[in-house]
Amino acid sequence: MNRRVVAAAAAAAIVVAGSSAYGASITFTTPHLGATALPAPKFYPNSVVAANVLTSHQIANGDTLTVVYSEEMQASSLCTGAATQIGSISTGTAFTVTINNNTGSTGNDVLSINSIPTTDCTDGVLRFGTVDLGSAGYVTTAASFTTSTVTLTQTATTATIVFTLNGRTGTFATVASGAAAVYTPNPALTDTAARSIASSTAVTTATVQF
């Protein structure tokens, strides 16, 4: 048997011996390598939820975005200096949330954190990541919420970030239908054991956000 046929046969023999959701592992078995367990990530975004307050299916002042993580977050990975300054962020520091028009990989509008005062994050960057909102219809040009606030609530086993949007500027539209939103964290985020969030993502259960 030539080498190409042997390689193809070995590849075809890979078997998933066990699989599960986050928190367990997946085991692959091949005739030559034996069984190898791949550990599931420990630190990942567990859920993302957008909540509407005023106008249904339109992003407006007072709307919130909540992300829950699987582990306690290392605050300094979210915000340089946050180990001592996260309290002032939690009490209502104003920062800017931007809704970028049609910049997602599928052409959807994308929520990102544009700036936060250097009195709270010493480099002016909140390493949250981005949320593809599942539709291209929320804004017609880039729009912002310039006096938004953020709170970080930690326990020994979870972290929860809540953004409250305020200071709306720009042109917004009502979205009648769309797809689930996808939160992609900044890969710099870590838990208190220094485990990276890596490429894990979270998806909303709703198909129209806010």
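A few ground rules: residues are numbered from 1 along each chain as its sequence is written. Because the model is predicted, local features need pLDDT of at least 70 and side-chain atom pairs count only at pLDDT 80 or more, while totals for chains, interfaces and linings use all residues; side-chain values use heavy atoms, with hydrogens and water left out.

**Exercise 1.** Work out which strand holds tyrosine 183, and whether tyrosine 183 is buried or exposed.

*Solution.* Start with the strand (a DSSP run of E, at least two residues, numbered from the N terminus): tyrosine 183 sits in S12, residues 182-185. Next, check its cover: the relative accessible area is 0%, so tyrosine 183 is buried (under 20% relative accessible area, 1.4 Å probe, protein chains only; exposed is over 50%).

**Exercise 2.** Find what tyrosine 183 meets away from its own stretch of sequence.

*Solution.* Skip neighbours within four places, then look for contacts (heavy atoms within 4.5 Å): they include Tyr69, Phe128 and Ala202. Now take phenylalanine 128: its backbone oxygen is 2.7 Å from a polar side-chain atom of tyrosine 183.

**Exercise 3.** Which residues have the most contacts inside the largest nonpolar core?

*Solution.* Gather the core (buried Ala, Val, Leu, Ile, Met, Phe, Trp, Tyr and Cys joined through side-chain atoms within 4.5 Å): it has 39 residues, and Tyr69 and Phe128 have the most contacts inside it. Then see who contributes: S9 gives the largest share, four residues.

Definitions and conventions: Polar contact = N/O pair within 3.5 Å; in protein donor to acceptor, adjacent residues only side chain to side chain.
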